[in-house]
Amino acid sequence: ATLPKILEKTDLPELETRSAAAAALHLAQQALSIQQEILGAKHPNTLDGKLLLAECLLDLGRRKEAYAAALFAFRVRRRGFGKQHPRTLSAAIILAAALGRQQRGQAKQLLRGALRVLFKERGRVHPLTLSTISDLLALQSAPPGKIWRVWQAQRQLLGPRHPDVCCSALRMVEARKHSCRKRKMAPSSTANAEPE
């Protein structure tokens, strides 16, 4: 079966009744199955499909499954392309997202490694560089001001409605909530300290 044939057989009204994330996961699984059958598990296009599957699983909160898919793609790409190849870096970024806050140290290490290469290869104001900085700052529970600077650069580069810009805006809100909670829990002697 080919992807167009699968799409012909897919009942779109049925997909519309499911969440968009579940529908995307369903299509990603079907496409990946075809890619694996025709191209093999380690083909670059199949690995792209594996990473797309990982992102769909992350959208549904299924981190363990996302981690397994992203880890496979990351390892194969690192062996085949090397640590500094853009496809390896994209796999590392998705793998870091799958690791999330539970394995913060490992996720930070992956993102820092990706950033070293991105700074050198693409510069500090490339969209992927800015997105990865935002990811790292969120993992580090950085103060809202640091995330705001990334958000400003993304907004200027990509426009206010770009998904990466929106994601950074949400991270600022989360960081602000986190810093407020920290201040509330701090002893009263630090209550008059300068805000972050």
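Helices α7 and α8 run roughly antiparallel to each other, a label given to angles over 145 degrees, whereas under 35 degrees counts as roughly parallel, 65 to 115 as roughly perpendicular and the rest as oblique. The model is predicted, so local features need pLDDT of at least 70 and side-chain atom pairs count only at pLDDT 80 or more, while totals for chains, interfaces and linings use all residues. Residues are numbered from 1 along each chain as its sequence is written, and side-chain values use heavy atoms, with hydrogens and water left out.

The protein has 10 helices and zero strands, where helices are DSSP runs of H or I with at least four residues, strands are runs of E with at least two, and both are numbered from the N terminus. Of the 196 residues in the protein, 35% are buried, meaning under 20% relative accessible area, with exposed meaning over 50% and partly exposed in between (1.4 Å probe, protein chains only). Among contacts (heavy atoms within 4.5 Å) between residues at least 6 apart in sequence, 52% join residues at least 24 apart.

Two packed helices are described by the angle between their axes and the distance between the axes. Here axes are lines fitted to C-alpha atoms, for helices over the stretch in contact, and angles run from 0 to 180 degrees between N-to-C directions.

| Helix pair | Angle | Axes |
|---|---|---|
| α7 (residues 104-121) and α8 (residues 127-139) | roughly 155° | come within 10 Å |
| α6 and α7 | about 155° | 8 Å apart |

The pair α6 and α7 is likewise roughly antiparallel, and its crossing is left-handed, which means that the near helix is turned anticlockwise from the far one by less than a right angle, clockwise being right-handed. The passage of α7 across α8 is also left-handed. Residues of α7 that meet α8 include R104, A107, L111, L115 and F119, and their partners in α8 include L128, T132, I133, L136 and L139.

### Helix α5

Helix α5 (residues 63-81) has 19 residues and reaches 25 Å from its first C-alpha to its last, close to the 27 Å expected at 1.5 Å a residue, the expected span being 1.5 Å times one less than the number of residues. Its buried residues are A66, A69, A70, L71, A73, F74, V76 and R77, and they pack against α4 (44-59), α6 (86-99) and α7. Just after α5, G82 takes a positive phi of about 100°.

In α9 the buried residues are P144, I147, V150, W151 and Q154.

H126 lies in the loop between α7 and α8 and is partly exposed, with a relative accessible area of 25%. Although H126 and Q154 are 28 residues apart along the chain, their C-alpha atoms are separated by 8.8 Å.
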